Amino acid sequence: MIKDILTQLGSTAVVIAIAGYIFKTWVAHKLESLASQNKHDLDLKLEMAKTEFAKEIAKLNVHESYLHKRRVEVIEAIYAKMLDAEFSLQNFLVAWWAHSNREEIAEKGFTVNGEFSMKRGIEFCEAFTEINAMLHKNALYFDENFIEEIRSAYKPLFDVILNLNEENPGMFPDEFKDVVTVGQSPRRSVIALFRNALGVGA
């Protein structure tokens with residue numbers, strides 16, 4: 001009887017061991033299948049994220065490309081107007097200097113027109129007004145610092161000219177004696193700013 005019990009217990013243990021092995025194999029297979037499915041889902045999500053990211057980068061590149069193109073166009077237009085302003089300013093400063101020094105110039109045998117003309121000065125002021133208008137019309141493409149630096153390069157000379165009395169402009173200021181340098185100074189002071197905005201090395 002004990003022998004039968006032991007035999008039965010042994011058979012039961014074998015059955016339990018086999019069942020345990022089968023269960024363990026089934027669980028391992030399920031876990032592997034689940035891991036494989038999760039990896040597949042994760043790969044799909046990763047690919048979708050990569051695609052979305054690529055789309056956003058493409059949109060950003062298009063936006064940056066348009067922004068850069070627009071900045072180039074605006075800066076080219078402003079720079080051309082700056083050259084006009086420079087020419088007018090230098091001519092105005094020469095006329096003012098000649099008017100202030102007309103007696104000395106006459107002594108050297110040169111003829112000087114007796115009347116002082118604000119024509120070139122007004123041209124400079126008009127050019128600055130156009131530059132200022134272009135900056136404000138395109139303010140979306142530049143920061144405030146960019147706009148203010150350009151304005152502050154021209155505004156002091158603009159104010160000097162506007163406040164002159166055409167009939168009696170007064171003596172030519174010593175700080176303006178280097179007419180060429182003074183005439184170029186507004187434009188030259190913002191070249192680095194333009195190059196930076198365009199991504200060009202200084």
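Hi everyone! Let's start with contacts, meaning heavy atoms within 4.5 Å: among those in the protein between residues at least 6 apart in sequence, 81% join residues at least 24 apart.

A quick word on where this comes from: this is a predicted model, where local features need pLDDT of at least 70, side-chain atom pairs count only at pLDDT 80 or more, and totals for chains, interfaces and linings use all residues. Residues are numbered from 1 along each chain as its sequence is written, and side-chain values use heavy atoms, leaving out hydrogens and water.

So what is it built from? The protein has 5 helices and 0 strands, taken as DSSP runs numbered from the N terminus (helices are H or I, at least four residues; strands are E, at least two).

Now look at helix α3, residues 119-137, and helix α4, residues 144-162: they pack at an angle of about 155°, with their axes 10 Å apart. Axes here are lines fitted to C-alpha atoms, for helices over the stretch in contact, and angles run from 0 to 180 degrees between N-to-C directions. That angle makes α3 roughly antiparallel to α4 (over 145 degrees counts as roughly antiparallel).

Who meets whom? In α3, the residues include Phe124, Phe128 and Leu135, while those in α4 include Ile150, Tyr154 and Phe158. By class, the contact of α3 with α4 has 13 nonpolar, 4 polar and 2 charged residues. Nonpolar covers Ala, Val, Leu, Ile, Met, Phe, Trp, Tyr, Cys and Pro; charged covers Asp, Glu, Lys and Arg; the others, Gly among them, are polar.

Finally, buried residues (under 20% relative accessible area, 1.4 Å probe, protein chains only) make up 28% of the 202 residues in the protein.

Note on methods:
Angles under 35 degrees count as roughly parallel, over 145 as roughly antiparallel, 65 to 115 as roughly perpendicular and the rest as oblique. Buried means under 20% relative accessible area, exposed over 50%, partly exposed in between (1.4 Å probe, protein chains only).
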